[in-house]
Amino acid sequence: MTRSLITAMLLAMCSGVVLAAPPAFEDVDANADGAISQREAGAVEGLDFKQADTNQDGALSKKEYQAATKS
Ligand SMILES: [Ca+2]
Ligand SMILES: [Ca+2]
């Protein structure tokens, strides 16, 4: 009982860390074509694709992604 509670707490803490630091561009670019599609961007919690796509070409370059996710 106690052990599963501790595991649950650890998991909660770990997911908090993941949310605080956005995933690397290479991790989000699932098909490794050098751009993040709207679909790929959906995997990033809290990322506003339309706002991040500053040149509105329908994909996020590494530069756009980094600008959108920097804190
Ligand atoms: Ca891609
Ligand atoms: Ca773009």
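Here is a walk through this predicted model, from the overall fold order down to a few individual residues.

Start with the chain as a whole. Its secondary structure comes to five helices and two strands, and reading from the N terminus the elements go α-α-β-α-α-β-α. There are 71 residues in the chain, and buried ones make up 11% of them. As for contacts between residues at least 6 apart in sequence, 28% of those join residues at least 24 apart.

Now zoom in on leucine 60, which sits in strand 2. Leucine 60 counts as buried because it has 28 C-beta neighbours inside 10 Å, and the cut-off for that label is 20 or more. Who are its partners? Setting aside neighbours within four places in sequence, leucine 60 is in contact with Ala35, Ile36, Ala41, Ala52, Asp53 and Tyr65.

Tyrosine 65 belongs to helix 5, which spans residues 62-69. Is tyrosine 65 buried or exposed? It is buried, because 25 other C-beta atoms lie within 10 Å. With residues up to four places away in sequence left out, tyrosine 65 touches Phe25, Val28, Ile36, Ala52 and Leu60. Another pair to look at is tyrosine 65 and aspartate 53, twelve residues apart along the chain, with their C-alpha atoms separated by 8.0 Å.

Alanine 32 is found in the loop between helix 2 (25-28) and strand 1 (36-37), while glutamine 56 lies in the loop between helix 4 (49-52) and strand 2 (59-60). Why does alanine 32 count as exposed? Because it has 7 other C-beta atoms within 10 Å, and a residue with 12 or fewer gets that label. Glutamine 56 is exposed too, again with 7 other C-beta atoms within 10 Å.

The backbone is worth a look at both places. Most residues other than glycine have a negative phi. Alanine 32, however, has a phi near 50°, a positive value, and the phi of glutamine 56 is likewise positive, near 50°. Neither residue is a glycine.

Conventions: Residues numbered from 1 in each chain as written. Chains lettered and ligands numbered in written order. Predicted model: local features only at pLDDT ≥ 70, side-chain atom pairs only at ≥ 80, totals over all residues. Helix = DSSP H or I, 4+ residues; strand = E, 2+ residues; numbered from the N terminus. Contact = placed C-beta atoms within 7 Å.
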